[in-house]
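Here is a short briefing to read alongside the model. Have the viewer open, and let's walk through it together.

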Amino acid sequence: MSSASTEHNYINHEKGLWSWLTTLDHKRIGILYMITVMTFFAVGGIFALLVRAELFSVGPGILGTASNFNQAMTLHGALMIFMVVIPGIPAFMGNFILPLHIGAKDVAFPRLNLLSWYCLVVGACVSLVSLIYNGVDTGWTFYTPYSIHTDNGTTWVVLGAFIMGFSSILTGVNFIATTHKLRCKGMSFFRMPLFVWGLYSTAVLQVLATPVLAITLLLLIMERIVGVGIFDPKLGGDPILFQHFFWFYSHPAVYIMILPAMGIISEVITTFSRKTIFGYKAIAFSSIGIAVVSFFVWGHHLFVSGQSEVAAVIFSFLTMLVGVPTAIKTFNWVATLYKGSIQFQSPMLFALGFLFLFTIGGVTGIMLATIAVDVHFHDTYFVVAHFHYVMVGGVLMALMAGIFYWFPKMFGKMYNETGAAISFVLIFCGFNVTFFPQFILGAMGMPRRYFDYLEVYEPLNRVSTIGSGIIAAGFVVALIVIIKGLRSGEKAPANPWGGKTLEWETASPPIHENFVTEPEVTAGPYEYR
Amino acid sequence: MSESHEHQVIPAKTYFNVLLTLLVLTILTVVAAQFDFGAANTIIALFIATIKAAFVFAVFMNLRNDSKLHWMCLGSAVFFLLLLYGLAAIDIITRVEHVNTL
Amino acid sequence: MSTDSKVVNTHKHAHHFKDGQHEFQSSMLGVWLFLATEILMFGGLIVAYIIYNSMYPEVFAEGAKFLDWRLGATNTIVLLLSSWTMVMGVRSAQTNNNKLCVKYLLATIVFGAIFMGIKYYEYTHKFHLGLYPGELFSFTGGEASNLALYFSFYFCLTGMHGLHVIIGILLIIWVLLRAKKNEFNSEYYTPVEGVGLFWHLVDVIWIYLFPMLYLI
């Protein structure tokens, strides 16, 4: 299909800020999310840099007191989780790309879609009100009884997270309905791109897990305001029950973060190997499999909290199970590369980086699933390193891959490839310098969430802090590449990468209605020669 | 796929009969609660409640004629709820008091 | 089956749907997905209640004595009747019987209001005795030292439920106003059906709360 004129597209379809704030177009809503998520990433990143700067040396540093440190570390976690990694890929890229991938004109419920963005923004603002009241120092997990009695802005952050939960739920409802009801002619379930399978599995988690967090947070708010005592030992409440309820959501939540990321990796690896993905059905089913099994494993966060040993053993076993579908995906991606015609542009660089970093993250997760190992590593830097490898090395690398992959489609312009590749090198190297030493620190026994530490841990902490500076530089470079691309990038063709999924069949940027005529699909999504 | 079954009109009599059934089951619940069956009290009461809920879901909410997807919504919600209860309960029930041997 | 004269379908389906039927099916799926989230949210609270009930059976048994099962049973009957009037309201819209639809919706609202009225009576009676949630609990006549825990659950469960009854009533009022403007007919009655599904779920939750709180 010849590249349609870029005179009329979703960006210039209507003009003015108000048209953006009241838009019902899924593509515009995706861009609204992009701006929001990137802003919160910057703020959360600054908190991270402050934390790392504080930990550069033994003794008080830039943050001065333990109280300031606890606030910075809590807000870094809460911001990143609720405002960046959970909405990041589904609400930003999922919103933009999902209807295009299935040949639809929009998502099923465009007004709910806009509402979900407002929920995120309002929830985020409510959370930030806590800063007026001395912030939050409980860690993003809000464990009771400390979170009940700590005298600061905790209620605001918890309320904000509650509101942001609705954003997640609405997105999930929308994506499930969209996938079932709005696929174009010929688009059977097994002809859908794997990114859609990833988003669908994520949506199932968003719908089924988030409500339990909602009631948990509500009860915590009631505890703080009225003292209902359900999780407070003073009244016979059980703090471990809080943890059960909290992690019943929060473990599936990490799969809400990684499943869409894995979807992006499937897309990028296929396109940049110019080869059909290996084991389409295996990857599709393993997405659903991961989603389901993710509900069974939450107790591995409670191994040393006071949970019974019987329960711990059951959860340990179930946690190892969830590694299986994840491994299946990884093997399939590597098999796709084999004998492919590999193009090393930036999206592929980030995808390859994902393979390496996510594997380390995943494998260390299985290590932690072993109870005997976890008793030693729980609440140490080993755990911190593990989850940063999967969340940053996994989700964030995939997010970057997706941004550069779909940048030409979203904005009709090309970005500077050299600049993007430099950002990759800085982020990849910086990441390993920051977090690999943390595995060692954890094994040496350094506790997490601590404002200060013993002398023996200082050298590796210094290395880690230097690494954080390198990562920051990498993201600054990436931001410059994006902004320059938006302002003065070369005009992008409809299909710069030779991709085979439906979004490449329409103009860059797409017209308001996505496709000139409704597409009709007669083959699978990755039919390379 | 035939569209008519979704807009199918259920006879008013059916709805009325279900209402009567629900009212009778409510009376049954109250009557059963007057007797003490020991541990089975809870099970009996919840069992009757589930039957009432089933009538509301199946007829009033038209689940018996509806798309399987709607069943899945209800079924998966209930399944994961049972999972939450089940594993948390296993924890609570199998907790052993550890006596400090020092 | 009577039909209002001059029933005209004025509803236009959204542009991304093939036709009104497609839109209806999608909307219903959306409502059911939302109901799943409500089941999980209430269900979580109920799970917590069941677990604590098994941990402190004497406390919960003592607390339950303060609840009058006759009021609970009356409320159960009121909600069941309201579910029936709701579904008859939907049916009336389906069969182009607008006037009857309005009557049934009104009846549903009245039943909902009666439910809240009885709830209000129950709450004030408890407050009078000093049975408040949480820290405000000031009743001293109880045997169990943590009787307040039971009432925390009681007020959270019934309060959450009552909030949903109020939201339901507001939604039914919204649908009623649209029905009065003749917006619904056999081709388009999606909002009535959707709100109806929500109302039935609120009823189902009470079907469980009644025996759990008042009878066991």
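What share of the contacts in chain A with a separation of 6 or more comes from residues 24 or more positions apart? Such pairs account for 84% of them, where two residues are in contact if their C-beta atoms, placed from the backbone, lie within 7 Å. Please keep in mind that this is a predicted model, in which local features need pLDDT of at least 70, side-chain atom pairs count only at pLDDT 80 or more, and totals for chains, interfaces and linings use all residues. Residues are numbered from 1 along each chain as its sequence is written, while chains are lettered from A and ligands numbered from 1 in the order in which they are written.

**Chain A as a whole**

- Chain A has 15 helices and zero strands; these are DSSP runs, with helices being H or I of at least four residues and strands E of at least two, numbered from the N terminus.
- Along the principal axes, the C-alpha atoms of chain A fill a box of roughly 70 × 45 × 45 Å.
- Of the 529 residues in chain A, 59% count as buried, meaning that 20 or more other C-beta atoms lie within 10 Å of a residue's own; exposed stands for 12 or fewer, and partly exposed for in between, again with C-beta atoms placed from the backbone.

**A look at A:Val425**

- Helix α14 of chain A, residues 417-443, is where you will find A:Val425.
- A:Val425 counts as partly exposed because it has 14 C-beta neighbours inside 10 Å.
- A:Val425 and A:Tyr133 are 292 residues apart along the chain, and their C-alpha atoms are separated by 40 Å.

**Chain C against chain B**

- This contact takes 36 residues from chain C and 38 residues from chain B.
- On the chain C side, α1 (20-55), α3 (69-94) and α6 (190-215) each give two or more residues.
- α1(C) gives the most to that side, with 15 residues.
- By class, that side has 25 nonpolar, nine polar and two charged residues; Ala, Val, Leu, Ile, Met, Phe, Trp, Tyr, Cys and Pro count as nonpolar, Asp, Glu, Lys and Arg as charged, and the others, Gly among them, as polar.

**Chain C against chain A**

- Here 27 residues come from chain C and 30 residues from chain A.
- α1 and α5 (147-180) of chain C are the elements giving two or more residues to the chain C side.
- α1(C) gives the most to the side touching chain A, with 15 residues.
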